[in-house]
Amino acid sequence: MGGKQYLLTPGPTPVPPQVLAALAEPILHHRSPDFTPVYESCLTRLREVFRTTQEVLLFAASGTGAFESAVQNLVVRGEPHLVVSAGNFGERWATLTRAYGADVDHLRYAWGETPDPDDVRARLRERDAKAVWLVHSETSTGVVADIEALAAVAKEAGALVVVDGVSSLGAVPCETDAWGLDVVVSGSQKALMTPPGLGMCAVSQAAYAGVGDTPRFYFDWERTRKAQSTLDAAFTPPVSLVAGLDVALGLLLDEGLDAVFERHVRLGRAARAGAKAMGLELFSPDEDRSAVVTAIRAPDGIDAGAVVKGLRDRHGITIAGGQGDLKGKIFRLGHIGFFDVFDITTALAAVELVLASLGADIERGVAVTAALEAYEHSSSAAA
Ligand code: PLP
């Protein structure tokens, strides 16, 4: 028998058995009366999870694909845009918007920094922007930005706000309508507890009004919006994934979004407490908002890649390494979606074993207890 496998990355994430069961159902025809109620339920639940009254556009695409839909619809060659980056994904959006001809002002922080609304305000005073492109949870660093405050500054300046919510949506609060977020992009494979393959995009009326005369077809927002409004998909949707996502969203809503956010806060606290108890240094901020992924510096003289490899080869546990310049320097424990505290203690226990075998000078036998205590002692006023 192959050993048990644990998927403890910030995406793809483990999928609950109820969702796996839905994925195993016979294929429904997307224009049949069997599929329509599933489609309708999924689209309705998406609006609830995005906390918006607007149609959430669903694409057969990864998160990057859904993000590209925003670029295709909003970026007219030569128009000014402000992209804020502090890690891998923000930098991707700078590259992507430029690829479509945007005149990009790039407010670029070092990886691991937290974007500051005052900096955004100052940049927008220097130069107008049609849209400000933001990352909510920068998965490469573990930083969760204060999107509400950043969006408020962009709105003050009259810019549209486009948010990468790929690893944040369903893990930490993301109030699409209440915070005035014009576009929120996400993907199925992270806190939404569904396999990779669906990208989604909430679009405000102001964002539709800002759609330019640009070449596009599959990702044309209006085409998909119109089709979804009559439950007659513009193109063949991945019907099994839609059925799976519907079940996953139902699980989130049954738990209650506020309870889900609170669970993520507590998971983050547990991961950080365990790592610190072992004597490790956190790379991601030691704060409750950092509830998506915990990034940990490898101890001096230890290659973080060897930690990731050791967990996988010796214990069947997949965690994430560092990206870009952080490769070899940090490793990342994901805790979004179908996670409980024993996923955290499993990861910490294995990290301890592997680090010890690599000769790291760490405190043994304390991480799991510290994590469990941090999880237990969290108050419900946390979020
Ligand atoms: N944005 C963030 C914050 C992510 O974490 C990811 C995936 O890791 C992406 C964008 C890209 O999503 P995808 O890999 O689904 O294209």
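1. A word before you start: what you have here is a predicted model. Begin with the largest pocket, which has a volume of about 270 Å³. It is lined by 20 residues, and those closest to its centre are Gly11, Phe89, Thr139, Gln189 and Lys190. If you want to find the spot on screen, pick out those five names.

2. Where does the largest pocket sit? Domain 1 (17–254) and domain 2 (256–382) both contribute to its lining, so the pocket lies between them. Looking at helices, H3 (63–74) and H4 (88–99) each supply at least two lining residues. H4 gives the largest share, with three residues. Sorted by class, the lining of the largest pocket is made up of ten polar, six nonpolar and four charged residues.

3. Now for the ligand. It has 13 residues around it, and the closest are Ser62, Thr64, Thr139, Asp164 and Lys190.

4. Thr64 has a side-chain N or O atom 2.5 Å from an oxygen atom of the ligand. For Thr139, a polar side-chain atom is 2.5 Å from a ligand oxygen. Lys190 also takes part, with an N or O atom of its side chain 2.7 Å from an oxygen atom of the ligand. As for cover, the ligand on its own has 390 Å² of accessible area, and the protein covers 86% of that.

5. Rolling a probe the size of a water molecule over the atoms shows where empty space is left. Searching the whole structure turns up two cavities of 30 Å³ or more. The largest cavity holds about 160 Å³ of space. Its lining has 16 residues, with Leu58, Phe59, Tyr218, Phe235 and Pro237 closest to the centre. Strand S2 (56–60) and helix H8 (221–229) are the elements that give two or more residues to this lining. Which classes make up the lining of the largest cavity? There are 13 nonpolar and three polar residues, and no charged ones.

6. The second largest cavity has a volume of about 100 Å³. Of its 13 lining residues, Val84, Ala86, Pro115, Val135 and Ala145 are closest to the centre.

7. Finally, a couple of backbone details. Most residues other than glycine have a negative phi, and most peptide bonds are trans. Between Gly11 and Pro12, though, the peptide bond is cis, with omega near -5°. Arg51 is not a glycine, yet its phi is positive, at about 50°. You'll find Arg51 in the loop between helix H2 (36–50) and S2; S2 is one of the elements that give two or more residues to the lining of the largest cavity.

Key:
Residues are numbered from 1 along each chain as its sequence is written. This is a predicted model: local features need pLDDT of at least 70, side-chain atom pairs count only at pLDDT 80 or more; totals for chains, interfaces and linings use all residues. Side-chain values use heavy atoms; hydrogens and water are left out. On a 1 Å grid over the protein atoms alone, a cavity is a set of points where a 1.4 Å probe fits but cannot get out, and a pocket is an open set with protein on both sides within 12 Å along at least five of seven lines; lining residues have an atom within 4 Å of a point. Grid points are joined across faces, edges and corners, and a volume is the space filled by probe spheres set on the points. Helices (H or I, at least four residues) and strands (E, at least two) are DSSP runs, numbered from the N terminus. Ala, Val, Leu, Ile, Met, Phe, Trp, Tyr, Cys and Pro count as nonpolar, Asp, Glu, Lys and Arg as charged, and the others, Gly among them, as polar. Domain bounds come from an automatic or database domain assignment. A residue is near a molecule or strand if one of its heavy atoms lies within 4 Å of it. A polar contact is a pair of N or O atoms within 3.5 Å; within protein, one must be able to donate a hydrogen and the other to accept it, and residues adjacent in sequence count only if both atoms are side-chain atoms. Accessible areas come from the Shrake-Rupley method with a 1.4 Å probe; for residues, only the protein chains shown count as cover.
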